[in-house]
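Trainee: Could you walk me through this model and show me how to read its features?

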Amino acid sequence: MGDNSDGDGSTTGKDRRIVVIGAGPGGISSAHYLREAGYTNITVLERADEVGGTWQRNRYPGLACDVWSHVYSFTWNPNPAWTRSYAAQPEILAYIRKTVTDFDLWPFIRLDTGVASARWDDDTSTWVVTTDDGEEIVADAVISGQGMFGELKYPDIEGRDSFEGVAMHTGAWDESADLTGKRVAVIGSAASAVQSIPEIAKLASQLHVFQRSANWVLPKEDVEHTAEQLEEFTDPEALMAYREGIMAFVGPSTPFSNPEINGAAEWIAACAIEVVEDEDTRRKLTPDTPWGCMRPLFSNDYYPTFNRSNVELVTDPIEHITPTGIVTADGTEREVDVIVFATGYVVDKFASRIPITGRDGLSLTEAWSDGAKAYLGVTTSGFPNLFMLYGPNTNQGSLIPMIEYQCQFAVRMLQEMDAAGIDWIDVKPEVMDAYNEELRAAVDSVEVWQAGCSHYYLSDSGINVTQYPFSMFFFRDELAAITFEQFEVGTR
Ligand SMILES: Cc1cc2nc3c(=O)[nH]c(=O)nc-3n(C[C@H](O)[C@H](O)[C@H](O)COP(=O)(O)OP(=O)(O)OC[C@H]3O[C@@H](n4cnc5c(N)ncnc54)[C@H](O)[C@@H]3O)c2cc1C
């Protein structure tokens, strides 16, 4: 076994056939790290007609990064040109595309090629990846970079399909729809609502915001980089020092565990609500759950938007949707031309969004019937040589570096398999279970997550399957410490 660069026809070593699902930040980073490590047989299959993942699919007005752009960048391609501290979606997408071009990654990527399923073949110890067109691709390893936010979530409201105006989800924004002078309803008050509402309000004649539960919204120091800063960032050392300065704050911080920090954040958000002039609206915008219970939100424009005469906050529950508008429990119908569903994504499926079958015909959906689980989010027992990116309980901090740690882990494992002459690895179930027991205890110890919020962190079984309760650096170090000890290993 080992490297077969002498052309003996087997597919180990640097000739290993590696299929990557998705060309979002995760798939792109995988291609980069694999090539850096000398792998040549890399195929990135992307369902969309463009790279960029989240940042090409989501185009609603106001969409921007909510972590500093200088740390929401590939560590292997820092960007001296970020125009502001929290870049907007078009700039992030342009950066991702330019990265693919500058690093000559296009040859690995097949656009318009969705993966329909993947099946582990016990006899040949290979994956058979089937595309939406029925093409079968044999792979020695699969990296799933499907992302967490690929499936839109709609509310179950009676009459939703009867609406005769324009209805769209923030995650599938219709760029041809002109909201100027229109009567618009936004359903939802979480991340995409907070970003899009201030922009929609500028165009609409009337905007009704339908809020089920209030969220704390923190201000962010979102400033344009000055000409001097941009000049300074062109010096690689200065750029690195700037990034490291931010990372020294973001990397080791374990969010939501420090009551003093939680309390301070809540106080800052409560002060921000004070800008709202109407007392009743202020009261309705003030959450009755602690900061951190729901996903933290950031905006400088959200609260001031409720001082506009064309914006109404509606907290009466929605009863049903009619062909012309929205009726609330008190019987009031608000007639609108456009309904925007800012209602989030189905986030608890991870790699199992497509049928994946592992050893002995075990399906990932079956394996995860009590909720998705993995070992450090990246590998799950019974599915050899399947590396998952942004998998269960990996949501923390800035996701590009978090996902890079996972790519680096996958590539290191492949290299160590080459060195040891191993064809497949499969995390031991007892190792994965012990890890998950510790993880659950840590999640349960984060007090604000137990405050009864109905947030997206939870799977149907009520388990928090998305959040990582420790710091980014702890995650990086835990991944770096994994050896074959934790795996069953095999050869063909
Ligand atoms: C609105 C929004 C804002 C966000 N803002 C931030 C932020 O500010 N900071 C932050 O850290 N994170 C943010 N995130 C999280 C963001 O998803 C991650 O930062 C990052 O994009 C994850 O990269 P990824 O490659 O894992 O997944 P994605 O970016 O989701 O990319 C997945 C790719 O896989 C493709 N794909 C999926 N299934 C298949 C299939 N079966 N076959 C072929 N291709 C497939 C998709 O088409 C997509 O291109 C945000 C997410 C959303 C939805």
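Mentor: Gladly! Keep in mind that this is a predicted model. Let's begin with helix 7, residues 259–273: its 15 residues reach 21 Å from the first C-alpha to the last, close to the 21 Å expected at 1.5 Å a residue.

Trainee: Which residues of helix 7 are buried?

Mentor: An α-helix has 3.6 residues a turn, so residues three or four places apart point the same way. In this case the buried residues of helix 7 are Asn262, Ala265, Ala269 and Ile273. Seen down the axis of helix 7, these buried residues fall within an arc of 85 degrees, so they line one face of the helix. On the other side of helix 7, Glu260 and Trp267 are exposed.

Trainee: What covers the buried residues of helix 7?

Mentor: The cover includes strand 12 (217–218), helix 8 (279–285) and helix 9 (302–305).

Trainee: How many of the residues in helix 1 are buried?

Mentor: Helix 1 is mostly covered, with 10 of its 12 residues buried. Among them are Pro25, Ile28, His32, Tyr33 and Leu34. The elements that cover the buried residues of helix 1 include strand 1 (18–21), strand 2 (42–45), helix 3, strand 7 and helix 11 (399–420). As for its length, helix 1 (residues 25–36) reaches 16 Å from first C-alpha to last, close to the 16 Å expected. Look just after helix 1 as well: Gly38 takes a positive phi of about 100 degrees there.

Trainee: Now the sheets, please. In what order do the strands of the parallel sheet run?

Mentor: The general idea is that strands of a sheet pair through backbone hydrogen bonds, either parallel or antiparallel. Here, 5 strands form an open sheet in the order 3-2-1-7-21, and the pairing is parallel. Strand 3 and strand 21 (386–388) stand at the edges with a single partner strand each, so one side of each has no neighbour in the sheet.

Trainee: Are the side chains of strand 2 buried or exposed?

Mentor: Ile42 and Val44 point one way from strand 2, Thr43 and Leu45 point the other way, and all are buried.

Trainee: What is the pairing in the sheet with the order 6-5-4-20?

Mentor: That open sheet has 4 strands, and its pairing is mixed. Its edge strands are strand 6 (136–139) and strand 20 (356–357), each of which pairs on one side only. Strand 4 (residues 115–121) and strand 20 pair in the parallel sense over 2 bridges, and Thr357 in strand 20 is the bridge partner of Arg119.

Trainee: Which residues does Ser363 touch?

Mentor: Ser363 is found in the loop between strand 20 and helix 10 (364–367). Leaving out residues up to four places away in sequence, Ser363 touches Ile356, Thr357 and Phe383. Buried means under 20% relative accessible area. At 19%, Ser363 counts as buried.

Trainee: How many aromatic pairs does the structure hold?

Mentor: There are 22 aromatic pairs. One of these is Trp76 with Phe103, an edge-to-face pair at 4.9 Å centre to centre and 85 degrees between the planes. This pair links distant parts of the chain, 27 residues apart: Trp76 is in the loop between helix 2 (54–57) and helix 3 (89–102), and Phe103 is in the loop between helix 3 and strand 3 (109–110). Trp76 counts as buried at 12% relative accessibility, whereas Phe103 is partly exposed at 23%.

Trainee: Which parts does the pair of Phe149 and Tyr345 tie together?

Mentor: Phe149 and Tyr345 form an edge-to-face pair, 5.5 Å centre to centre. Phe149 lies in the loop between strand 7 (141–144) and strand 8 (151–152) and Tyr345 in strand 19 (residues 345–346), so the pair ties together parts 196 residues apart in sequence. Phe149 and Tyr345 are both buried.

Trainee: Where do arginines lie over rings?

Mentor: Arg160 lies over the face of Phe341, at 5.9 Å from the ring centre, and Arg476 lies over the face of Phe473, at 4.2 Å from the ring centre.

Definitions and conventions:
Residues numbered from 1 in each chain as written. Predicted model: local features only at pLDDT ≥ 70, side-chain atom pairs only at ≥ 80, totals over all residues. Heavy atoms only, no water. Pairing = 2+ DSSP bridges. Phe/Tyr/Trp six-rings, centres within 6.5 Å; stacked < 30°, edge-to-face > 60°. Buried < 20%, exposed > 50% of the residue type's maximum accessible area, 1.4 Å probe, protein only. Lys NZ or Arg CZ within 6 Å of the ring centre and 35° of its normal. Expected span 1.5 Å × (residues − 1). Arc of directions from axis to C-beta. Contact = heavy atoms within 4.5 Å.
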